[in-house]
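Dear colleague,

I am pleased to hand over the structure we discussed. Please find it below, followed by an account of what was found in it.

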Amino acid sequence: MSTSQQRSSAKEAPINEDLAPTQHRHIPTEDGEPWGGQDLKRALSAGAVWVARNAEAINSLNVFPVPDGDTGTNMALTMQAAIKQIGDSPSHSASEIAAGISHGALMGARGNSGVILSQILRGFSDGITGKDRISALDFANGMVVATATAYRAVLKPVEGTILTVIKDTGEAAVAAANKRDSFGYLLSQISKAAKASVARTPLLLDKLRDAGVVDAGGQGLWVILDGIRRFAEGEEVEMLEVDAVTGNAALEEASHTVHVEHGEYGYCTNFLLVGTGWDFDQVRERIAALGDSAVIVGDDRIVKVHIHTETPGTVLDYACSLGSLRQIGITNMQDQHDEFIEMHGAEESGGQATTPTANTNVAQGRIAVLAVASGPGLASTFKSMGASAIIEGGQTMNPSTEDILKVVESVPQNEVIILPNNGNIIMSARQTIDLSRKQVSVVPTDTIPQGVSALLAMNYEASLDDNVKAMHEASKGVQTAELTRAVRDAKVNGIKVKTGQIIGLINNTLVTTGKERDAVAWDLLGRMNAEDSELITIYWGGEVDEAAAGTFHNEIQQRYPNAEVEVVFGGQPFYDYIISAE
């Protein structure tokens, strides 16, 4: 199968035709007509169908011109999971339908864009709690709560992403509903506001401007809202094609852009605070002030904390004054945590991830290690190293939160470590921590070599916390290079890229391009200082065959005689070589 065939197969979002709203069953749009549960169900079903129909166009809005953009696919699958949750529910309560959709989105969330979308739906549900029928103003107020919930999920939000789009759209919704109590008018105004907000995203993020794209997550949100509008106005949603948003006009008018700086802290600190008698918002604000990259969720009885700080003792001392601490993990970080990588649209894609099966390695100890991998060779590598189970996914195929949770629950151990091996899966993996009754930890590996290095550091005689610390440290000691082909013209990090060219990335940053695969590979090795490495490992897949991989291995061994060179069949899609240097 050629790369283009693979890409087409992997990128097409599976469409559940049962979700498609019948064109003859429209929702109320006249002045003063409220929505009940079935109206809301049909509206969101239309949005789900519309984003699925246009998933490929959204996928193409990748910041990097690599063949694994998947924001549209992830948002489509997340919406489908949300709609499936309510299934044939006959409920006429808008709040009951919204609650079901929120739960379905939480369990079905795929990739960072899907997780953020699930938080938007959760906030909307909270905003209309207790309402059997909702007015246009109720809907608008729900969007305001959705905005707050989405922003709360990421303490250091980056503007120019889906967060900006939901904020702008929520503000427009309130203005429209206060002016006129009509769903028809409301939907028209929020669709316009969302589209305009998406067009402005390159003005807020340098990466989007340089790549010549708008934010993919924001585009996906607009498509969902526009699908609802189209359906409400009587259009055949499943037959139309989405208008492309380019943002070019806004770019031409821009006189400056906003560059977002990110802090750097020494310790990744995680713990669970259990007790009573505190105000959650005050606790969240106090802890957040002690560091950066904080994700703090919970209520007045339990608080889950993730924060990067130079003084973890200060954070823990404050938390201890409020209640008891559990699942404490402190890791000495080597690299800056770049939070907006989770939201800039450079995501992986694919179809439905299949539910993985645990292998015979589960009997190795009291701690299970679950590794995410895509490709038969990579799966075999992790199994041979002692992984308890493989979760199918990675580049081009992101497993959902529910997929990961099912594997967590399937292994016999009560202590579980997850290796996501991809930056776009970390958020989904972390959601299982609060959903499982088991003690689950996530080592935030965002490449396959990082996952391999982490697994090598696993000690089945050590405690869960000690293993998480050791595995995180080990993962930071490896560099990752990836080699693939550009799917469009672009300018990234000052490098001009032409469609079809070979491009090379180091640690998820595009650094080189060229016409010949081996020339780009040699460039990557040079930039990695491979001559100083003790071990160089090459995972081959994509369009590389065994003979070509063998030849490349021999040439590397000759050029770097002091390094141990290993060539491993990975079978990964799209990427000819994944190279690690330690």
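Is Glu233 buried, partly exposed or exposed? With a relative accessible area of 47%, Glu233 is partly exposed. Please bear in mind throughout that this is a predicted model.

Salt bridges

The count of salt bridges comes to 18. Glu233 takes part in one of them with Arg229, the N to O distance being 2.8 Å. Arg229 has a relative accessible area of 14% and is therefore buried, since the cut-off for buried is under 20%.

A further salt bridge links the side chains of Asp523 and Arg527, at 2.9 Å from N to O. These two residues both belong to helix H20 (residues 517-527); because they are 4 residues apart in that helix, about one helical turn separates them. Asp523 is partly exposed, its relative accessible area being 26%, and Arg527 is likewise partly exposed, at 44%. Returning to Arg229 and Glu233, both belong to a network in which salt bridges with shared partners join them to Asp226, Arg230 and Glu235.

Asp138 and Lys131 also form a salt bridge, in which the closest N and O atoms are 3.7 Å apart. Asp138 counts as buried, with 15% relative accessibility, whereas Lys131 counts as partly exposed, with 32%.

Strand S16

Two strands may be described as partners of S16. Strand S9 (residues 479-485) runs antiparallel to S16 and is joined to it by 5 bridges. Strand S14 (residues 535-540) also pairs with S16 in the antiparallel sense, over 5 bridges. Ile578 of S16 is the bridge partner of Glu482 and also the bridge partner of Tyr539.

Helix H16

Helix H16 spans residues 401-410, and its buried residues are Thr401, Asp403, Ile404, Leu405, Val407 and Val408. Both helices and strands are included in what covers them. Among the helices are H5 (94-108) and H17 (426-435). The strands include S5 (367-373), S6 (389-392), S7 (415-419) and S8 (439-442).

Cavities

Rolling a probe the size of a water molecule over the atoms shows where empty space is left. A search of the whole structure found 2 cavities of 30 Å³ or more. The largest cavity holds about 180 Å³ of space. Its lining consists of 15 residues, and those nearest its centre are Leu44, Ile120, Leu121, Phe124 and Leu225.

Which helices each supply at least two residues of this lining? They are helix H6 (111-127), helix H7 (136-153) and helix H11 (216-232).

With kind regards

Definitions and conventions: Residues are numbered from 1 along each chain as its sequence is written. This is a predicted model: local features need pLDDT of at least 70, side-chain atom pairs count only at pLDDT 80 or more; totals for chains, interfaces and linings use all residues. Side-chain values use heavy atoms; hydrogens and water are left out. Two strands pair if DSSP finds at least two bridges between them. On a 1 Å grid over the protein atoms alone, a cavity is a set of points where a 1.4 Å probe fits but cannot get out, and a pocket is an open set with protein on both sides within 12 Å along at least five of seven lines; lining residues have an atom within 4 Å of a point. Grid points are joined across faces, edges and corners, and a volume is the space filled by probe spheres set on the points. Buried means under 20% relative accessible area, exposed over 50%, partly exposed in between (1.4 Å probe, protein chains only). Contact means heavy atoms within 4.5 Å. A salt bridge is a side-chain nitrogen of Lys or Arg within 4 Å of a carboxyl oxygen of Asp or Glu.
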